[in-house]
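Open the model in a viewer and keep the residue selection panel at hand. The stops below are given in the order in which to select them.

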Amino acid sequence: VFISITFFSCVLNDLTKSINTTNNFLIGMGYCPLVLELLAVFALTFYLLNKYGNWRKQSIVVSGATFLGWYMSFIIICVLPLDVVITFYNRCELEKERIALTTSSSTGPAANISFECEPPTGYVPDDFLLSLWRIVYWSAQLMTWLILPLMQSYSTAGDFTSLGRMKTALINNAIYYGIYLIIFMLLVIYAVFKGIVINTEHLKVILVSASNTWGLFLLVGLLGYGLVEVPRQLWYTGRRDYRLNKVYFKLDQKVQEKNDAEDAYRDAFKEARSVLNAVKNDHSARSKAQMIVSKFDESVVGHLFPSRSGADFATLTDADPILCTDDKYLIRLHQRSIEVIQMYNRANSQWKTLMEEAMFHEDIQQATLTGQLSSTSVSSWDAVIPSNVRYSWHVVLSRPIAKVFGVFLASMTVFILISECTFFIVSPTVSPAALLLQTATHKFHYTSTQLVSFALLTYICCCAYWTLFRLRIYKYYHLDSHGLTDDNSLLFSAALLCRLTPPICLNLLGLIHLDSHISHEKNHGVETQFTKLMGHLDLLPILAKGINIYLPFLILLFCALTYYKLGTRLLHAIGMDQFIDSDDVTMDAVSAGKALVQLERNKRGRKENRVRVERNGERSVESGRSFGWKRQREEEENVPFVEREEIGYDPPVPSMTRGGSSLGPSQWTDHPSPRNIFDDM
């Protein structure tokens, strides 16, 4: 934290100086759009962090580091298009100076030719933009390679003290840093073998090149999946049967995971309780055992152990007192308890979400027949929307709109893939992205240029980030959209996003031919401020003329694998159930999931009926009590008190039969109804 604060203070100081040296009113006004864009990215990052994490319960350091990592990655969506359009403006100024020098030495009509370069909307000085890139790039590198990995290991360590957790984090990361050091030394040896002089500047270029190459490999894999799945998922949104069957399938898969999580929770709690009972006489070990037991929620324990019977805790006295006082054993138990609790909370949350989603899709299908959307499908956000608007959107409009957007994004995918495969061909220009940008910049239409670069960059970032947020690495990494993501997954996602920032920028600049050392274009003119910061990473031939140029071709291969679902079919073939249409195993799982939804509906229906009966009973009791008191009060006020003998009272003989025989007066006993709360009942 101290290193980060010192670093950001130095860079912000440089940024402030560049702002203070600017006196141009137009430039000062140009900061407003950029500030608004940065605030919009800030709001988006805060929303996503609140959606996937829980800043109220998680450590403020974890939430802050995750927020900073995400923010530095999302910020390129608004900074890089601005850098591109300012670069074209600087080229216009350069062309203007060249024409002025040419016409000053000539006479005739050509000498009167002149034009003005109007600054684009949101123009900021080059020094400011360069300082902003310095903040974004070096903060991302510092976090992804140093701060976030240490915080990951610190958050997953089971030690009971901060010093012990930091020691464990350093030991765990020493292995990874050793691997990185070996790779770096191999690159240095390769550079020496190629005759490159090793100095400080070249070492910096080697480090940056290695980091960007690692991120480019990651970007290729994420884009290879996202460029296909993003438009396909939108298209599937318009297929109600497909979506409902997939939710049924997920529910059937989640049942086993939910049961396993409950069993693991029970075992961990019983083991923690047994350790607590075994270390009654050891104060140090007992305090650690109490810390472990306190991690378990009492409400969850009461749900999993409803009776608290002796059979549930029969193994509490089996723990070895000597083993229970061992710090290594307690650390492992503490770490396992944290993982088990997180896994249980996540499994239950996902189960409830899938169940609600399945019921919602069933209600939509029912609404297509009845013409009315069930009120049980209305969320808290939809409660303020009129019912006819909800019906029109969910039942009528959402399907065609989703399919239209799916087709549009599919065309964007084809556009990006062709550009990825042809961006290194400069003469003639065949890259669709470069051609589109050249058309937009014709006669220096800066707004069109910024919109085109913004659209391309936004779609690339959305595909890569969407894949990253959906990625699951067994129990190590999983982002839960209901605020139940663990600290390790949040920090790991921030590290991966920071690692993706430079490769995405380099990839876009290569697509639109704004990096001369990638496109090998001569007379390129002015470079972007991002390129000035990064430099041209062509020191190592294997990276400059090999991986950085031809690696994007692998995106096309990954897209083909994703389109034909070869990975899904392979996993399904080796026994890992995957959702595949018209497959017997999949259909069995769909049927089982549908039965689970029906059971849940019946359970909720019985609960609602029970609540309704209890509510009606309470109302009947209240109305009966008030009616009885009112009738008794009226009779006491209006009827005088007389003895039965005085008015010749004869008890009535009702016509009642029992077992076919009539009951006479001698068999009937006078029992007037009491005037109390049971009258109406």
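Why does the distance between the end C-alpha atoms of helix α16 agree with its number of residues? Select residues 487-511: at 1.5 Å a residue, the 25 residues of α16 should span 36 Å, and the end C-alpha atoms are 36 Å apart, so the two agree. The expected span is 1.5 Å times one less than the number of residues. Helices here are DSSP runs of H or I with at least four residues, strands are runs of E with at least two, and both are numbered from the N terminus.

This is a predicted model, in which local features need pLDDT of at least 70 and side-chain atom pairs count only at pLDDT 80 or more, while totals for chains, interfaces and linings use all residues. Residues are numbered from 1 along each chain as its sequence is written, and side-chain values use heavy atoms, with hydrogens and water left out.

**Along α16**

Start with D486, which caps the N-terminal end of α16. One of its side-chain oxygens lies 3.3 Å from the backbone nitrogen of N488, a polar contact (a pair of N or O atoms within 3.5 Å; within protein, one must be able to donate a hydrogen and the other to accept it, and residues adjacent in sequence count only if both atoms are side-chain atoms).

Move along to T501, where α16 bends by about 30°. The bend is the angle between axes fitted to the seven residues ending at a position and the seven starting there. A proline, P502, follows within four residues.

Now colour α16 by accessibility: 24 of its 25 residues are buried. Buried means under 20% relative accessible area, exposed over 50%, and partly exposed in between (1.4 Å probe, protein chains only).

Just after α16, select H513. It sits in the loop between α16 and α17 (516-519) and has a positive phi of about 60° although it is not a glycine. With a relative accessible area of 5%, H513 is buried.

Go to K565, in the loop between α20 (553-563) and α21 (566-573). K565 is not a glycine either, and its phi is near 55°. Its relative accessible area is 22%, so K565 counts as partly exposed.

Select T449 in helix α15 (residues 446-470). Is T449 buried or exposed? Its relative accessible area is 1%, so T449 is buried. Leaving aside neighbours within four places in sequence, T449 is in contact (heavy atoms within 4.5 Å) with V84, V85, F88, L437, A440 and T441.

Next, find I331 in helix α12 (residues 327-370). I331 is partly exposed, at 23% relative accessible area. Draw a distance from I331 to I292: the C-alpha atoms are separated by 9.4 Å, and the residues are 39 apart along the chain.

**Annotated spans**

The unreviewed UniProt entry carries the annotation "transmembrane region" for several spans, including 174-193 and 490-512; such annotations may be inferred rather than shown by experiment. Residues 174-193 are 100% helix and 0% strand, with end C-alpha atoms 28 Å apart. Residues 490-512 are 96% helix and 0% strand, and their end C-alpha atoms lie 33 Å apart.

**Whole chain**

Zoom out to finish. The protein chain has 22 helices and 4 strands, and buried residues make up 41% of its 681 residues.
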